[in-house]
Amino acid sequence: MMDVSNPFALSDHRVLVTGASSGIGCATALACARMGATVIGVGRDSARLQRTFDELQKISDSPHAVVSA
């Protein structure tokens, strides 16, 4: 059920974020996780993508995932 008190809540949603290994993509992935989404992040730099994943895991216990392209 949608939380009508917060129109930006992303609980029970999955979000695919491209470019999640740095910059705007990383910031978007982390912001979506803070709003309750499960994040699937895609990026080219596997080391930086792993750092993004580590930060996602600190935000929530959701089954976040990353894919190095």
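**View 1. R14 and its contacts.** Leaving aside neighbours within four places in sequence, R14 touches T38 and I40. This is a predicted model, and in it R14 belongs to strand β1, which covers residues 14–18. With a relative accessible area of 70%, R14 is exposed, because exposed here means over 50%. For a sense of scale, the C-alpha atoms of R14 and S46 are separated by 21 Å, and the two residues are 32 apart along the chain.

**View 2. The two faces of β1.** In a regular strand the side chains alternate between the two faces of the sheet. Along β1, V15 and V17 point to one face and are buried.

**View 3. β1 beside β2.** Here we meet strand β2 (residues 38–43), which runs parallel to β1 and is joined to it by five bridges. Look for V15, which stands opposite V39 in β2. Together, β1, α1 and β2 make a right-handed β-α-β unit.

**View 4. The whole sheet.** Strands of a sheet pair through backbone hydrogen bonds, either parallel or antiparallel. In this model three strands form an open sheet in the order β1-β2-β3, with parallel pairing. β1 and β3 (65–68) stand at the edges with a single partner strand each, so one side of each has no neighbour in the sheet. From one strand to the next, the twist averages 15°. Four bridges join β2 to β3, and V42 stands opposite V67 in β3.

**View 5. Helices against the sheet.** α1 packs on the sheet and touches β1 and β2. The direction of α1 makes about 170° with that of β1. As for α2, this helix lies across β2 and β3 and runs at about 175° to β3.

**View 6. The largest nonpolar core.** In soluble globular proteins, nonpolar side chains tend to be buried together. The largest nonpolar core in this model has 13 residues, and V15, V17, A29, C32, V39 and L56 touch the most other members. Two or more residues come from each of β1, α1 (23–34) and α2 (46–59). α1 gives the most, with five residues.

**View 7. A closer look at V39.** Which residues does V39 touch, not counting those up to four places away in sequence? They are V15, V17, A29, C32, A33, L56, H64 and A65.

Methods:
Residues are numbered from 1 along each chain as its sequence is written. This is a predicted model: local features need pLDDT of at least 70, side-chain atom pairs count only at pLDDT 80 or more; totals for chains, interfaces and linings use all residues. Side-chain values use heavy atoms; hydrogens and water are left out. Buried means under 20% relative accessible area, exposed over 50%, partly exposed in between (1.4 Å probe, protein chains only). Contact means heavy atoms within 4.5 Å. A nonpolar core is a set of buried Ala, Val, Leu, Ile, Met, Phe, Trp, Tyr and Cys residues joined through side-chain atoms within 4.5 Å. Two strands pair if DSSP finds at least two bridges between them. A crossover is right-handed if, with the strands pointing away from the viewer, the path from the first strand over the helix to the second runs clockwise. Axes are lines fitted to C-alpha atoms, for helices over the stretch in contact, and angles run from 0 to 180 degrees between N-to-C directions.
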